[in-house]
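Please work through the exercises below with the sequence and the model at hand. Each task is followed by a solution in steps.

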Amino acid sequence: MAEDTGISKPDQALEMLRAEHRDLDYAIATLTERLPYDQVQVQRLKKRKLSLRDQIERIEGFARPDLIA
């Protein structure tokens, strides 16, 4: 039987995306602390991080409709 935690699925998805975004931030910082580092790997992580940011903004945009519309 599933428990009702009071957290909606979009909120759960948003929190998961934010957690992954924070994890990538830490991973990038850790990788770039020591020279030399794999620039290709860092670039891939940064692209993933930007993708996550776009997804987060899209979900938040649905939660806050435009007031001008």
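The exercises proceed from the whole chain to single residues.

The model is predicted: local features need pLDDT of at least 70, side-chain atom pairs count only at pLDDT 80 or more, and totals for chains, interfaces and linings use all residues. Residues are numbered from 1 along each chain as its sequence is written, and side-chain values use heavy atoms, with hydrogens and water left out.

**Exercise 1.** Determine how many helices and strands the protein chain has.

Solution. Helices (H or I, at least four residues) and strands (E, at least two) are taken as DSSP runs, numbered from the N terminus. On this basis the protein chain has 2 helices and 0 strands.

**Exercise 2.** State whether K49 is buried or exposed, and list its contacts.

Solution. Next, apply the cut-offs: buried means under 20% relative accessible area, exposed over 50%, and partly exposed in between (1.4 Å probe, protein chains only). K49 has a relative accessible area of 19% and therefore counts as buried. Finally, take contacts as heavy atoms within 4.5 Å. With neighbours within four places in sequence left aside, K49 contacts H21, L24, D25 and I28.

**Exercise 3.** Identify the residues of the largest nonpolar core.

Solution. A nonpolar core is a set of buried Ala, Val, Leu, Ile, Met, Phe, Trp, Tyr and Cys residues joined through side-chain atoms within 4.5 Å. The largest has 8 residues, namely L14, L17, L24, I28, V42, L45, L52 and I56. Helices α1 (9–33) and α2 each supply at least two residues of this core.
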